[in-house]
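Student: I am new to reading models like this one, and I would like to learn how to look at a few of its features. Could we take them one at a time?

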Amino acid sequence: MQNVQFRNERKYYLTPCMAAALRRRVASLMRADAHASGPYMISSLYFDDVYDTALCEKLSGVAVRDKWRLRWYNDCLDYIHLERKHKEQDLGCKSHEFVTETQYLRFLHGDMTAAEELPGEVGRAFCAVHRTRRMRPVVVVSYLREAYGYDSGNVRITFDVDVRAARPGALVSLPVAMDGLTILELKYDNLLPTVVADLLCGALHTQLALSKYVMARFALMQAGYE
């Protein structure tokens, strides 16, 4: 993970009223995501090993950990990438590599040797992890996201709703119980600009302890799919 830019990352629960009010305040100051014309869908196929290490490390509060996933947008498989999400406390960084639709289907059905065809560092790292820990696809997580950015501090604020979980390859997904709450994600480089901090002041009361990945795994377990 040399020469990778770490960013501060925090997640919070927002009630519907708080989310609506904060959206208006954020939209008045920050620019909408240049790559989307409104909310868009994110889908991620998560991998874990035979010991569920990623799940257990998150639940145990391990400070330094990795998550592996395939990610695509708006149900379109034209642009898919294999992503390594590395976390150190509240700092995180990502590295990724493009994956073809054919390779995606192989990953989806448990053929991890698809990573051997990837030419970059991410593919090689995934192969090394798979050789020692036997990675496997465990859950598809999808949700709707609305994103905003602020140039100073490279700030990004996103609002995520309608989180759903599905078994890899399944045609039906299950809602992840959030009681109507919105997940706000706040990311920035070194310092959070005062104007953004003031914008969020008083709104960020409940920091999110569980990741969408963990919540989705629990949703499948409670439904009897694991």
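Student: Which backbone nitrogen does the side chain of Ser 211 reach?

Tutor: Please keep in mind that this is a predicted model. The side chain of Ser 211 reaches the backbone nitrogen of Val 214, at 3.1 Å. Ser 211 itself sits in the loop between strand E11 (206-207) and helix H6 (212-222), and, leaving aside neighbours within four places in sequence, Ser 211 is in contact with Lys 58 and Lys 67.

Student: Is Ser 211 buried or exposed?

Tutor: Ser 211 has a relative accessible area of 5%, and because buried means under 20%, Ser 211 is buried.

Student: How is a pair of aromatic rings described?

Tutor: A pair of aromatic rings is described by the distance of the centres and the angle of the planes. In this structure, a search of the whole finds 9 aromatic pairs. For Tyr 46 and Tyr 213 the ring centres are 5.0 Å apart and the planes are at 35 degrees, so this pair is tilted. Tyr 46 belongs to strand E3 and Tyr 213 to helix H6, so the pair ties together parts that are 167 residues apart in sequence. Both Tyr 46 and Tyr 213 are buried. By contrast, Tyr 148 and Phe 159 form an edge-to-face pair, with 6.2 Å from centre to centre and 85 degrees between the planes.

Student: Which residues lie nearest the centre of the largest pocket?

Tutor: They are Asp 33, Tyr 40, Tyr 73, Lys 94 and Arg 156, among the 30 residues that line the largest pocket. That lining divides into 10 nonpolar, 10 polar and 10 charged residues, and the pocket holds about 820 Å³ of space.

Methods. Residues numbered from 1 in each chain as written. Predicted model: local features only at pLDDT ≥ 70, side-chain atom pairs only at ≥ 80, totals over all residues. Heavy atoms only, no water. 1 Å grid on protein atoms, 1.4 Å probe; cavity = no way out; pocket = protein on both sides within 12 Å on 5 of 7 lines; lining within 4 Å. Points joined across faces, edges and corners; volume = space filled by probe spheres on them. Nonpolar A, V, L, I, M, F, W, Y, C, P; charged D, E, K, R; others polar. Helix = DSSP H or I, 4+ residues; strand = E, 2+ residues; numbered from the N terminus. Buried < 20%, exposed > 50% of the residue type's maximum accessible area, 1.4 Å probe, protein only. Polar contact = N/O pair within 3.5 Å; in protein donor to acceptor, adjacent residues only side chain to side chain. Contact = heavy atoms within 4.5 Å. Phe/Tyr/Trp six-rings, centres within 6.5 Å; stacked < 30°, edge-to-face > 60°.
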